[in-house]
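Visitor: Could we go through this structure together, one topic at a time?
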Protein chains: 2
Amino acid sequence: MTLPDAPTRGRSLRSTITSDGRVRLSLEERPLPELADGQVVVAVEASPINPSDLGVLLGPASPAGLTRDGDDLVGSVPAELLPRVRDRLDKSLPVGNEGAGTVVAGVPELVGKRVALFGGSIWADYRVADADAVVELPDDVSTAEGAALFVNPLTALAMVETMRAENHTALVHTAAASNLGQMLVKICADDGVPLVNIVRKPDQAALLKGLGAEHVVDSSSASFMDDLVAALAATNATIAFDAIGGGRLAGQILTAMEIVAGRKAGGFTRYGSSTHKQVYIYGGLDTGPTELNRAFGMAWGIGGWLLTYFIQKAGPEEAQRLRQRVADELKTTFASHYAKEISLAEALDPANIAVYAKRSTGAKYLINPNKGLA
Amino acid sequence: MTLPDAPTRGRSLRSTITSDGRVRLSLEERPLPELADGQVVVAVEASPINPSDLGVLLGPASPAGLTRDGDDLVGSVPAELLPRVRDRLDKSLPVGNEGAGTVVAGVPELVGKRVALFGGSIWADYRVADADAVVELPDDVSTAEGAALFVNPLTALAMVETMRAENHTALVHTAAASNLGQMLVKICADDGVPLVNIVRKPDQAALLKGLGAEHVVDSSSASFMDDLVAALAATNATIAFDAIGGGRLAGQILTAMEIVAGRKAGGFTRYGSSTHKQVYIYGGLDTGPTELNRAFGMAWGIGGWLLTYFIQKAGPEEAQRLRQRVADELKTTFASHYAKEISLAEALDPANIAVYAKRSTGAKYLINPNKGLA
């Protein structure tokens with residue numbers, strides 16, 4: 001089925017962390033996997049740099065410590081953080097969770113079509129994929145607009161579904177000015193779900209208020225705990241999704257929820273309120289330890305949360321329903337904005353990585369792996 | 001229905017923590033609640049000092065800092081720990097979760113019978129209770145033997161039931177040489193459930209091995225993490241019940257579970273293993289913060305766990321089944337051992353509280369509120 005002009009080799013961005021604590025980022029040319037029936041080769045033209053990609057790219061290494069070694073970037077991982085990545089040590093990992101591009105070979109009906117795809121190894125000029133796993137882009141959607149159809153939109157929708165499945169009626173989100181957080185503001189407004197947005201800077205609060213967010217709390221404010229308690233009392237939120245991970249924030253959220261629950265219950269209960277309070281940690285913007293002072297009774301839970309596990313539990317019909325909503329609202333709710341488009345080689349420029357690895361609000365980059373190729 | 005000689009006043013041990021951080025323990029004489037139809041007055045003759053009682057008695061106050069003030073004991077709570085007890089501040093709380101004694105008034109058929117009871121305020125010479133909530137003790141069970149029918153036995157059984165309900169097949173227990181831990185060793189042996197016991201001292205390990213425990217790991221040993229990984233690999237335990245709460249132990253357990261799960265899965269998974277790993281914190285022997293380094297992937301949970309919540313979820317039939325098992329195995333699996341019997345007044349002796357508040361293995365005390373009364 002392979003067309004005679006199908007590419008047989010491709011360049012991809014890879015990351016290796018070694019047992020002795022070195023990290024190496026490199027562009028490598030390798031043979032593409034042989035094309036099987038029902039597969040396509042996609043020339044990738046747009047892929048967002050998501051926080052989950054940075055996790056694969058850098059692990060716990062600091063971008064500030066990266067230096068050039070020929071065309072590669074090298075750096076180090078502190079010894080105490082190596083156990084977090086024990087399963088990947090000394091393996092060369094391809095990077096890139098999602099993207100969009102043009103089919104250049106394989107299943108004939110798809111050749112020439114623009115498609116979105118998901119599943120790793122997408123920071124590459126060419127990516128082989130199963131034809132039935134790619135999503136054809138409508139004519140009015142640009143390739144860049146179609147590059148981020150999966151990770152952030154489905155994660156934001158799955159958070160709201162998790163809230164419902166676990167019998168909560170409102171939710172809390174941290175690092176709430178993120179690309180994902182902005183989508184969540186729109187979803188919750190459309191669905192009538194009260195949302196408490198926790199941000200870390202005044203300008204992030206302003207950004208979310210500009211989007212119509214009602215409850216925005218700034219953790220850098222001296223009145224943070226009081227503000228949080230007030231927002232939780234107003235919304236009755238008893239579940240939170242936390243992108244920060246490290247530090248005291250998850251515990252502060254549980255504590256504030258418990259203060260509200262205690263007030264509503266009235267009177268003393270020896271073990272705190274019986275209202276179940278839940279925080280799911282889905283990111284690690286702060287890689288330091290999570291510290292819980294346990295000032296929140298006995299009815300609480302903290303756990304890891306991953307879109308993949310949600311989809312496995314929810315099943316294919318629910319996943320399809322969520323994907324359809326993303327497709328329907330691609331230019332509104334789920335529109336992403338990028339500060340800059342860079343090539344694969346430019347992704348390894350220390351000046352660029354210093355910016356995009358910060359995950360700063362408004363500094364999201366888009367990689368075009370076919371930019372700058374001969 | 002009240003007999004003419006029914007007691008109308010009673011002495012009970014009470015604890016107050018004030019907003020300014022003072023704790024006061026005192027014996028107070030108060031009128032008993034008026035006896036209603038279907039109620040009894042129990043002369044309490046035996047009540048164990050459980051860790052959950054110490055939580056009510058002392059809150060986060062250190063027993064070492066308690067001093068006499070007349071017949072009372074007074075001490076202080078560090079300001080940073082006051083938020084944990086915010087709902088009880090400035091309230092006088094009665095102490096004592098369970099016990100046994102003789103019915104001295106009320107429902108005539110029960111007068112003169114020895115019964116076990118549960119539900120708070122039991123460190124008192126007399127306790128009014130609903131007749132259908134007390135459990136009559138068989139002739140061959142002494143009052144002391146019947147004093148601890150509820151808290152530890154049901155907690156230990158409920159841990160095994162929670163393990164089953166959440167689809168795990170083996171479990172981990174910390175502070176495993178405790179009275180409760182010893183019961184759990186016997187339950188798990190009888191039920192064929194693999195159990196990993198974590199203790200903090202070599203003599204505790206020896207005690208449990210003497211009871212036939214197969215997997216005992218000492219957290220004070222230099223090889224603790226390796227030993228824990230080996231025990232988890234041998235048992236496939238993916239759920240733990242932790243009585244310690246503070247410090248790094250809960251995170252270490254999750255990390256060791258993840259190491260085992262990663263080895264079994266083989267190969268690299270970007271977000272760690274997909275095996276769900278759970279720790280329930282049911283006690284607070286270490287009142288310091290819980291510190292999680294999150295070196296255990298994304299499939300994990302930590303939460304508070306309370307017998308009351310388990311019973312509410314499991315329903316009355318399941319609760320009755322567990323209570324029946326306790327009654328059937330009262331002199332074997334669920335036998336408690338006490339180092340000393342003390343009166344209510346002796347419970348406020350600094351020399352005694354210094355011992356029993358340590359929760360040391362083998363230093364469990366029994367209170368007899370009718371000891372030393374005129």
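Predicted model: local features only at pLDDT ≥ 70, side-chain atom pairs only at ≥ 80, totals over all residues.

Visitor: Let us start with the pair. What rotation superposes chain B on chain A?
Guide: A rotation of 180° does so, with 0.0 Å of shift along its axis and an RMSD of 0.0 Å. The two copies are thus related as by a two-fold rotation axis.

Visitor: How many residues does the contact take from each chain?
Guide: Chain B contributes 49 residues and chain A contributes 49 residues. Of the interface residues of chain B, 100% are also interface residues in chain A, so the copies meet through the same surface.

Visitor: And what area do chain B and chain A bury between them?
Guide: The figure is about 3,700 Å², with 57% of it on carbon and sulfur atoms.

Visitor: How many salt bridges are there between the two chains?
Guide: The count between chain B and chain A is zero.

Visitor: Turning to the fold, what is the strand order of the open sheet in chain A?
Guide: The order is 4-5-2-1-6, five strands with antiparallel pairing. Strand 4 (67–69) and strand 6 (92–94) of chain A are the edge strands, each pairing on one side only. From one strand to the next, the twist averages 40°.

Visitor: How many bridges link strand 1 and strand 6 of chain A?
Guide: Three bridges link them, in the antiparallel sense, with strand 1 covering residues 9–17. Within this pairing, Arg14(A) stands opposite Pro94(A) of strand 6.

Visitor: Which strands does helix 1 of chain A touch?
Guide: Helix 1 (residues 51–58) packs on the sheet and touches strand 1, strand 2 (22–31) and strand 6 of chain A. The direction of helix 1 makes about 75° with that of strand 1 of chain A.

Visitor: What about chain B, what order does its open sheet have?
Guide: In chain B the five strands run in the order 4-5-2-1-6, again with antiparallel pairing. The edge strands there are strand 4 (67–69) and strand 6 (92–94) of chain B.

Visitor: How many bridges join strand 4 to strand 5 in chain B?
Guide: Three bridges join these antiparallel strands, strand 5 of chain B spanning residues 72–76. Thr67(B) has Val74(B) of strand 5 opposite.

Visitor: Which sense does the pairing of strand 7 with strand 3 of chain A have?
Guide: Strand 3 (residues 39–48) and strand 7 of chain A pair in the antiparallel sense over six bridges. Ala43(A) lies opposite Thr102(A) of strand 7. Strand 7 of chain A also pairs antiparallel with strand 8 (residues 114–118) of chain A, over five bridges. The bridge partner of Ala100(A) in strand 8 is Ala116(A).

Visitor: One last topic: is Ile187(A) buried or exposed?
Guide: Ile187(A) is buried, with a relative accessible area of 0%. This residue is found in helix 3 (residues 179–191) of chain A.

Visitor: With which residues is Ile187(A) in contact, leaving aside neighbours within four places in sequence?
Guide: Ile187(A) is then in contact with Ala156(A), Leu157(A), Val160(A), Arg325(A), Thr333(A) and Phe334(A).

Visitor: How far apart are Ile187(A) and Tyr126(A)?
Guide: They are 61 residues apart in sequence and 34 Å apart in space, C-alpha to C-alpha.

Methods
Residues numbered from 1 in each chain as written. Chains lettered and ligands numbered in written order. Heavy atoms only, no water. Pairing = 2+ DSSP bridges. Helix = DSSP H or I, 4+ residues; strand = E, 2+ residues; numbered from the N terminus. Least-squares fit on C-alpha atoms with pLDDT ≥ 70 in both. Contact = heavy atoms within 4.5 Å. Buried area = accessible area lost by both parts, 1.4 Å probe. Salt bridge = Lys/Arg side-chain N within 4 Å of Asp/Glu carboxyl O. Axes fitted to C-alpha atoms, helices over the stretch in contact; angles between N-to-C directions. Buried < 20%, exposed > 50% of the residue type's maximum accessible area, 1.4 Å probe, protein only.
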